[in-house]
Structures are given as C-alpha cells and as structure tokens.
Amino acid sequence: MERHNTKWFNVECVPQCFTFSKEERPGDAPIPICNKIPVIDLGKSQKIETIKQLLQAGQEFGFFQVINHGIPESMTTQTMSTFEEFFNIMTDEEKVNVPTRKGWIFTGSEEEVKNGVHLWRDNIKHPCHPLEKCMQSWPDKPPTYKEVVGRYVAEIRKVSLTILELIGQGLGIESGYFDEQSEVQLLSANNYPACPDPSLTLGILKHLDPSLITIIYQGNVSGLQVLVDGKWMWIDAVPNAFVVNIGNQLEIISNGMLRSVMHRAVTNSKEARTSIALFVNPTPNSIVEPAKVLLNDSNPPLYKSILYKDFINASKAFGAHTDVIQNDA
C-alpha cells in the first residue's frame, strides 16, 4: 500500500530536533531483557496461585504480562492491522485538521515535547467511555476502525475487570470494589517508524501512568523498557500476551503495596513498531484514596484522598491535550 503521509522519518541520520540530551537518550549500552517480570496465565483454575503472582509482580516490578486472557489472537492481529493502516493512510491535510475535530487527537512527530525536542512517533488518543457514544466520533478511516477497535476495547474491559478483581481479592478488598470506577477511559496507539540511530531519540519519555492499570499490546516487536533496580530493561514481546502495568491510582488504593514504576518506549533501526495502550481509569468524579480495609495503626494512609479529575488536571497527565481529553471523557 502506498504511503500518503510525509515520510518525516525517511532520513539517513537523526535530526537535531529529535536528539535528546545524554541524560535522557537510551545511549549505546546494551540493555538486557528482564526475565524476572512474570508471564501470568489467567486461564489457570488455581486462582490462589494467580493472585499470588499478580501481587508479587505488582510489588516488585509494577509490571507483568498475561496470557490465556480470553481474547483470540485473530482479534489482536486485526486490531493491530487496523492501527497500522490508520497511520499509513493519514494525509498531511488530515493531520492538520484533526485538532478541530471533537472525539480524537492526533499528535505527529512535529509535536514539541521538551526543550524543542520531538518524539520519534505518531500517536492517536481518544476516549472510550461510554463506548457506544465515543465510537461515533472515532476516525472514519479505515472504514473498519470503529467496529474493530470498539470490539477490542470491549474485550479489554473484561480482561481488566478480571485482573482488578483478582488483585482486589489478594489485597483483601471487597468484591466489586473496582466495578464502578474502572472503565476503559482512554486509548493511546503509537506508531514508531524505524530509526537510523535509536541511541539518540525516544518514542516516549520515561513516565508513570495516571491509571489504575494500563493494558498494552505490543505485537511481535519489543520497544517497551522498564526501570528495574535503577536500570533500564526490556519487556519481551510475548506472542498474544498483554503487558499490564500498575498505575498511580492503584498504588494509592493499595496504600503503596503495589508500585507504579517508570517506563519508556524506544525505537529500533530495523522495523516499524505499533503499540496499543488502553488506560483503565477511575471516573473523573471518583475519589481515589487508600482502601479503608488496608488501614490500621501500623499501616496509616500514605496518600491523601483526591478527586481523579483533580489529580489529572494538576499533573497534566495527558500533556498539552489533558483538558480536551478530560472534557471528552
């Protein structure tokens, strides 16, 4: 298929405007795969063992992967192909006009991130709740976008509730605690073109997620790195697995028992990479606070209660488009 968008990435060397400082760039040092981050089988009949694995991963790494999650590989493949097609067919005119549309936001490589340095990526974000309402404003191209992505979001919702229910059981929180305040609120899909020198630039800067949990599909191309014991390590691309990370809000609810940890996205020189992240968030007017069942004299609250929308607005968690995303959500 012919590309219609400007090939900003078709260069022999990384332009200065994409080159991060030595402190922020990945550099040339080899980075190992983190084999300690567990791949957890959600299909096991022994739920006690699954719960133990989830809690241990949340306490030690803030990350884990899940398999046998109930979403068929054909659906993840079709959804990934839909996003790859979306990034492929976006024209320059459409990129310019997206900010005037209500319902989704496209940020291209021209977006300034920090001190005039740009990320090596194109990105689409849009709200997902309430799903039926939000879908009406999603992209019209490719023609299957709304149907395919809508079905995928609905399935991710089921997986997220399973994970949160198991974590809640492990923490001793009452069943159903997360049901009303854990919608799939936001989708963020990224396209990272092949880069001539991945040591100089980044797809996403290091950050923490403002979610309860984030569920990421990275296909068959690794690009996600997590900070483990002060060192960057790769999260391997496991076939038909979802990467799940603990967000700030679940750290608060667990009163620090589970950790939200720094992670980033890097590029590679051989092939493009697409990733799909779904942020499972509290509703904007939810009060986020340590679960009362976890608190006692020896375990006092480590975090203050806060409205989720106030947390997002104060931290500008979604960057320059935080206000728009909050209003749409």
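Buried means under 20% relative accessible area, exposed over 50%, and partly exposed in between (1.4 Å probe, protein chains only). The model is predicted, so to speak of local features takes a pLDDT of at least 70 and side-chain atom pairs count only at pLDDT 80 or more, while totals for chains, interfaces and linings use all residues. Residues are numbered from 1 along each chain as its sequence is written, and side-chain values use heavy atoms, with hydrogens and water left out.

**View 1. Glu-183 and Arg-157 meet in a salt bridge.** A salt bridge here is a side-chain nitrogen of Lys or Arg within 4 Å of a carboxyl oxygen of Asp or Glu; for this pair, N to O is 3.4 Å. The partners sit 26 residues apart, Glu-183 in strand 7 and Arg-157 in helix 5. Helices (H or I, at least four residues) and strands (E, at least two) are DSSP runs, numbered from the N terminus. Glu-183 is buried at 15%, and Arg-157 is buried too, at 18%.

**View 2. Lys-158 pairs up with Glu-155 inside helix 5.** Their closest N and O atoms are 3.1 Å apart, and the two are 3 residues apart, about one turn of the helix. Lys-158 is exposed at 51%, but Glu-155 is buried at 19%.

**View 3. Four strands make an open antiparallel sheet, in the order 8-13-10-11.** Strands 8 (204-207) and 11 (231-234) are at the edges with a single partner strand each, so one side of each has no neighbour in the sheet. Strands count as paired if DSSP finds at least two bridges between them; strands 10 and 11 have 4. Look for Gln-225 opposite Trp-234 in strand 11.
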